[in-house]
Amino acid sequence: MSDMIDAFRALKDMRQTERKVFGIPCPVCIEKLPKAQPKILQHGQVCRAHKPHYRDPRPRPTTDEYNEQMAAAGSEWRVS
Ligand SMILES: [Zn+2]
């Protein structure tokens, strides 16, 4: 049972690191909704806080890029 909780924590940490490493604030939110917190977008993610929606134009990182940047951020998480 505690293994499951550890796995859950690791996953949560991984998501937080991903957001920190790859997330950028939505430029449309910043422009159109300056008083709101801009939504943090990762590669290809769509922001629906306004119309038209905004899609982050960046391609997904390659496995190597992903692992490198996660390592640089101090995460143990690796994909293969
Ligand atoms: Zn937005």
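**Words and their grounds**

Guide: Glu-65 has 12 other C-beta atoms within 10 Å, so Glu-65 is exposed. Bear in mind that this is a predicted model.

Visitor: Why is Glu-65 called exposed?

Guide: Glu-65 has 12, so the word applies. Glu-65 lies in helix α3, which covers residues 63-72. In space, Glu-65 is 28 Å from Met-4, C-alpha to C-alpha, and the two are 61 residues apart in sequence.

Visitor: What makes Asp-64 exposed?

Guide: The cut-off is again 12 or fewer. Asp-64 has 9 other C-beta atoms within 10 Å, so Asp-64 is exposed. Asp-64 is also found in helix α3.

Visitor: Why is Ile-30 called exposed?

Guide: Ile-30 has 12 other C-beta atoms within 10 Å, and is therefore exposed. Ile-30 sits in helix α2, residues 27-32. Leaving out residues up to four places away in sequence, Ile-30 touches Pro-25 and Pro-38. The C-alpha atoms of Ile-30 and His-43 are 18 Å apart, and these residues are 13 apart in sequence.

Visitor: How do you know that the length of helix α1 agrees with its number of residues?

Guide: Helix α1 runs over residues 2-22, which is 21 residues. At 1.5 Å a residue they should span 30 Å, and the end C-alpha atoms are 30 Å apart, so the two values agree.

Visitor: What makes you say that α1 lies largely in the open?

Guide: To be buried, a residue needs 20 or more other C-beta atoms within 10 Å. Of the 21 residues of α1, 1 is buried, so the helix lies largely in the open. For the protein, buried residues make up 8% of the 80 residues.

Visitor: How does the radius of gyration of the protein stand against that of a compact globule?

Guide: A compact globule of 80 residues would have a value near 12 Å, but the protein has 15 Å. The C-alpha atoms fill a box of roughly 45 × 30 × 15 Å along the principal axes.

Visitor: Which contacts join residues at least 24 apart?

Guide: They are 20% of the contacts between residues at least 6 apart in sequence.

Visitor: What is the peptide bond from Lys-51 to Pro-52, cis or trans?

Guide: That bond is cis, with omega near -10°. Most peptide bonds are trans. Pro-52 is placed in the loop between β3 (46-47) and β4 (54-55).

Note on methods: Residues are numbered from 1 along each chain as its sequence is written. This is a predicted model: local features need pLDDT of at least 70, side-chain atom pairs count only at pLDDT 80 or more; totals for chains, interfaces and linings use all residues. Helices (H or I, at least four residues) and strands (E, at least two) are DSSP runs, numbered from the N terminus. The expected span of a helix is 1.5 Å times one less than its number of residues. The radius of gyration is taken over C-alpha atoms; the globule rule is 2.2 Å times the number of residues to the power 0.38. Two residues are in contact if their C-beta atoms, placed from the backbone, lie within 7 Å.
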